[in-house]
Every structure is written in structure tokens, then in C-alpha cells.
Amino acid sequence: MSTATKNPAKAPVHREATAMLRADHKLVSDLFEQYEKSRSTDRKKELVAQICKELTVHAQVEEEIFYPAVKAALQDHELIPEANVEHATLKDLIAQVEGLEPDGEMFDAKIKVMSEYVKHHVKEEQNEIFPKARATKLDMTELGEQITARKQELMSAM
């Protein structure tokens, strides 16, 4: 058994970039589901904090590493700029809920809108950007390693 298998928290497994980003999408989707099912204010607050952290770091690594590489490889002037605008809107939603108490229906409504917005963004990434990115000559494993390193840096700084 490898060290990575024994202790995945200490030995990160470098993966292909789009597989890593998909794993992030799945994690956040699961967190939103847990939020929807939760009735505990404390648990909701914990989940929102984790959702905001995960989305903030995910967006930052995409903007710093993945999007510029894909934009250049595709000579894209539409998909990546649109994704960046979607990230800006998402950051605004995060700012509206981060650090606040889950205090009722307006808070829940903001999380619901954030969840739906993320689902829309994820669908576009996974159905449009990722397949086009994989069709380029980009080294997805190298991009994945860069994303892993930057993500660890950002997570430890939060």
C-alpha cells in the first residue's frame, strides 16, 4: 500500500486538472445537499463556512492557473470570459453570507440561489470548457499539479 493510500491527507495525489476540478464540484454539491437537509443553525453555519472556503479557493485556482492556460490554448474569447464573470457573481454571493448567522428564510434563499448558480456554472464547465480543454495539447497532469500546490497554499492560509 502506498503512502498516499495510507494517509491521503498528508500525501496529495496529483491528478489530471479537470478530474481535480470535478472532484471539487462534487464536494461542494454534497455540501449544498447537506445544508438543505440540515435543521441545525450551528451545522448550517459550519457548512456555509466550508462551502465559501471551498468555492473561494476553487475559483482562485481556476482563475490563476486553469482558465489562463485554457484561454490561451483555445484562443477563446467567450467561454473563459463568461466563466470569469460567473465567478465574480459567485464571489458577491459569498460576500453576502460569509461569516453571518443563518438567520432564517433570506439566508436560506441566498444559499439556495448560490447552489443553483454553482450548478449552472459547473454544468457549463463540465460540458463545454473541460472537453475543449482536454482536446488541446495542454498537459492536464502538469496543470493538476500546479492546481494542487496552489490549492494547498491557499487552504493553509485560510
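**Notes on the predicted model**

1. In this predicted model, I129 is in contact with F66, V70, L79, I80, A83 and E124, leaving aside residues up to four places away in sequence. Apart from the core discussed in point 2 there is another core, made up of 18 residues, including V28, C52, V97 and M114.

2. I129 also belongs to the largest nonpolar core, which has 20 residues. Together with A17, F66, V70, M140, L143 and I147, I129 touches the most other members of this core. At least two core residues come from each of α2 (17-37), α3 (41-74), α4 (79-97), α5 (105-134) and α6 (140-157). The largest share is that of α3, with 7 residues. In soluble globular proteins, nonpolar side chains tend to be buried together.

3. The chain holds 6 helices and 0 strands, in the order α-α-α-α-α-α from the N terminus. Its radius of gyration is 16 Å, close to the 15 Å given by the globule rule for 158 residues, so the chain is as compact as a globular protein of that length. Along the principal axes, the C-alpha atoms fill a box of roughly 50 × 45 × 25 Å.

4. Of the 158 residues, 39% count as buried. Where contacts join residues at least 6 apart in sequence, 78% of them link residues at least 24 apart.

Technical notes:
Residues numbered from 1 in each chain as written. Predicted model: local features only at pLDDT ≥ 70, side-chain atom pairs only at ≥ 80, totals over all residues. Heavy atoms only, no water. Helix = DSSP H or I, 4+ residues; strand = E, 2+ residues; numbered from the N terminus. Rg over C-alpha atoms; globule rule 2.2 N^0.38 Å. Buried < 20%, exposed > 50% of the residue type's maximum accessible area, 1.4 Å probe, protein only. Contact = heavy atoms within 4.5 Å. Core = buried A, V, L, I, M, F, W, Y, C linked by side-chain atoms within 4.5 Å.
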